[in-house]
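The entry is shown first, and the notes follow by topic.

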Amino acid sequence: MNKLIKKLNDFNELVMFKHSIFSLPFIFIAMVVSAQGWFGFKLLFLGILAALTARNFAMGFNRFMDRDIDALNPRTINRPNVDGRLDAKQIFIFTFLNAFGFIAVAYFVNDLAFYLSIPILIIIGSYSYFKRFSYLAHIILGISLGLAPIAGVVAVSETIPFWSIVLSIGVMFWVAGFDLLYSLQDIEVDKKLGLHSIPSKFGVEKTMLFSKIFHILTIVFWLLFVIFSNSSYFAYLAVILSALMLSYEHYLVNKDFNKIDKAFFTVNGYLGILFFILIVLDNIFFV
């Protein structure tokens, strides 16, 4: 039993289950808005399963493909895919099972979700390749998480309304913006290994400028989401508070690069949760 628990902890460290907090709130935001309230326990269960299996696939595939890169980066050298706790075969099986699980969950959601399941897996898996030849990898990561609201609304209504598209674009810029800040930690390693990233190509100052621009665009598109989804006061408050939190994130990084982890995990984690809570309140009181 202890051996099994240890292995589960290794897989948890491999894919960092807790980081699902970035995508889950926006899946459920889209589901709440689409259903104009409660969408049912079945979709709640399937939505959680879909989010976890998709993210586990993406992270597992990334760790599988990046074994050689992670072994040369001091920040990642102690990851389970590098230090021998998980071998390539175990990671591959884990990744395959989660891909299969995501497709199976999509099948039980509805036809459109099932038809989109494999294209979604291709997109979220492509991030691992892009940084080997293009500094636009940050955008690909943003697109991968930006698919979350699309998946949420498809699950409820089998349609893709315009408000869900602008919400997704906002998520894309949000994720790409904070990934730029996070990737500042690896700027020297990326240069040494010949990996493509905006920090290694354009430097620290321009990277931080690009991140600010991306987060301004985030707020613009989230505001459009509120307008086109006919949401009300709490939704506008969600956008305002998101702008303040993103401003605080940039303040932390500008002040001290050692606070990148706090800016990345803490601020963005709370942002998604707060946004979700306010959208739920908006649908309770104003729908």
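A salt bridge is counted where a side-chain nitrogen of Lys or Arg lies within 4 Å of a carboxyl oxygen of Asp or Glu. The model is predicted. On that criterion, a search of the whole structure gives one salt bridge, while the aromatic pairs number 26.

**Salt bridge**

- The partners are D68 and R132, whose side chains meet at 3.8 Å, N to O; this falls within the 4 Å limit.
- D68 belongs to helix α4 (residues 67-70) and R132 to the loop between α6 and α7, so the contact ties together parts that are 64 residues apart in sequence.
- D68 is partly exposed, at a relative accessible area of 45%.
- R132 is also partly exposed, with a value of 31%.
- In general, side chains of opposite charge can pair when their charged atoms come close.

**Aromatic pairs**

- A pair of aromatic rings is described by the distance of the centres and the angle of the planes.
- Among the 26 aromatic pairs is that of Y135 and F202, with ring centres 5.3 Å apart and planes at 85°, so it is classed as edge-to-face.
- Y135 sits in the loop between α6 (111-130) and α7, whereas F202 is in helix α10 (residues 198-202), so this pair ties together parts 67 residues apart in sequence.
- Y135 is partly exposed, with a relative accessible area of 30%.
- F202 is likewise partly exposed, at 30% relative accessibility.
- For F173 and F214 the centres are 5.5 Å apart and the planes are at 50°, so that pair is tilted.
- The F173–F214 pair links distant parts of the chain, with F173 in helix α8 and F214 in helix α11, 41 residues apart.
- Both F173 and F214 are buried.
- One aromatic cluster is formed by F26, W163, W174, F178, W222, F225 and F275.

**Charges over rings**

- The charged end of K201 sits over the ring of F202, at 5.7 Å from the ring centre.
- R67 lies over the face of F64, 4.5 Å from the centre of that ring.

**Helix α8**

- Helix α8 has 22 residues and spans 31 Å from its first C-alpha to its last, close to the 32 Å expected at 1.5 Å a residue.
- Of these 22 residues, 19 are buried, so α8 is largely enclosed by the rest of the structure.
- An α-helix has 3.6 residues a turn, so residues three or four places apart point the same way.

**Positive phi**

- Most residues other than glycine have a negative phi.
- E158 is not a glycine, yet has a positive phi of about 55°.
- The position of E158 is the loop between α7 (137-157) and α8 (162-183).
- E158 is partly exposed, with a relative accessible area of 40%.
- N230, also a residue other than glycine, has a positive phi near 55°.
- N230 is in the loop between α11 (204-228) and α12 (233-255).
- N230 is exposed, with a relative accessible area of 69%.

Note on methods. Residues numbered from 1 in each chain as written. Predicted model: local features only at pLDDT ≥ 70, side-chain atom pairs only at ≥ 80, totals over all residues. Heavy atoms only, no water. Helix = DSSP H or I, 4+ residues; strand = E, 2+ residues; numbered from the N terminus. Buried < 20%, exposed > 50% of the residue type's maximum accessible area, 1.4 Å probe, protein only. Phe/Tyr/Trp six-rings, centres within 6.5 Å; stacked < 30°, edge-to-face > 60°. Lys NZ or Arg CZ within 6 Å of the ring centre and 35° of its normal. Expected span 1.5 Å × (residues − 1).
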